Amino acid sequence: MSSTIREAGLGADRLGAPKVTPLPARTAANAPVSQAHGIARNPGMKLDLGFMESMRSVNRSALERRVASLTKRRSIKADNQAAWLLRAVACMDLTTLNSNDTDERVRRLCAKAVNPFRRDIVEGLGITGEKIRPAAVCVYHPFVATAVDALRGSGIHVAAVSTAFPHGLTPLSTRLQEIEASVSEGADEIDVVIPRGLVFGAKWQELYNEIVAMRAACGEAHLKVILGTGDLATLRNVMLASMVAMMAGADFIKTSTGKESVNATLPVGLAMVRAIRAYFEETGYLIGFKPAGGISTAKASLDWLVLMKEELGRRWLEPDLFRFGASSLLTDIERQLEHHLTGHYSANHRHAMA
């Protein structure tokens, strides 16, 4: 697909004449990062099996070649690398999803989100006064109220993982109650997980209906649908599940829970962002993307940012359309920024998280 088409959706009006639906105006590279939900929400559409059929063919070898070319031919160095790493932080969902989470651990993580860098790094980079922070803090439901209280007034969103995370294997009514409970506690983003068995059984209508119900339970909170791509076995399944989630009204589609044996990979991410592009070309609605699980190095974050820029364009480098699900990524980014300033790498314990 040409770069012109990547920057503008192509469709056809009822008379068959082509039309061009431009993406929103580009944002200057140094513009302040908006932490608000500022785009028109995806209302969803009727389940269109014909549209899904047109997306069934996925060439893994071609996707892998494309990914290899993106990561090898782009080299981001020096000040440019520092700027891209700051953008990675602004697109981060800082996450703690451990069995030993406590209210105090969540408070410390929220404090890190509000002040993600040591003062000497902030001063050295010349970003004093700039609010470069993670877009959200992501926690289990029992800690939503704690995170909401700790982040009040910061502009940082609170995301809750719901629907029997990470497997989604409880009755739908129970999962919907969990969503409603998290929203009532103050979560403004809900990360839900689909039952992967519905994908294996090609039960697209049932999967669609469940996600529609989840979207309704979210109300004004934004819905991120976790596909669990490491469990879905094929890129075809990933593509079709992505399309069903978007048709059902997902605001974001997300790769993984972080608990699968294989989490976010670039070929899977490429398949999902091409589904996003196809959905935009069909409907005109912009859908967000969130890779999660295993993204722990600054280098990996740059690869994902390059993928988004090349495949979807500059608009998808804003936190309302792109997020990293990460727990340790911020530590490595902070270490890389210190290396940029001093020429030396510091120990991880000098960049405490929680």
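The model is predicted; local features need pLDDT of at least 70, side-chain atom pairs count only at pLDDT 80 or more, and totals for chains, interfaces and linings use all residues. Residues are numbered from 1 along each chain as its sequence is written, and side-chain values use heavy atoms, with hydrogens and water left out.

**Exercise 1.** Determine which residues line the second largest cavity and classify them.

*Solution.* 
1. A cavity is a set of points, on a 1 Å grid over the protein atoms alone, where a 1.4 Å probe fits but cannot get out; lining residues have an atom within 4 Å of a point. A volume is the space filled by probe spheres set on the points, which are joined across faces, edges and corners.
2. The lining consists of V67, L70, T71, L266, D303, V306 and L307.
3. By class, five are nonpolar, one is polar and one is charged. Nonpolar covers Ala, Val, Leu, Ile, Met, Phe, Trp, Tyr, Cys and Pro, charged covers Asp, Glu, Lys and Arg, and polar the others, Gly among them.

**Exercise 2.** Describe the lining of the largest cavity.

*Solution.* 
1. The largest cavity holds about 50 Å³ of space.
2. Its lining is formed by I39, A40, R41, H222, D251, F252, L286 and D320.
3. Four of these are nonpolar, one is polar and three are charged.

Key. On a 1 Å grid over the protein atoms alone, a cavity is a set of points where a 1.4 Å probe fits but cannot get out, and a pocket is an open set with protein on both sides within 12 Å along at least five of seven lines; lining residues have an atom within 4 Å of a point.
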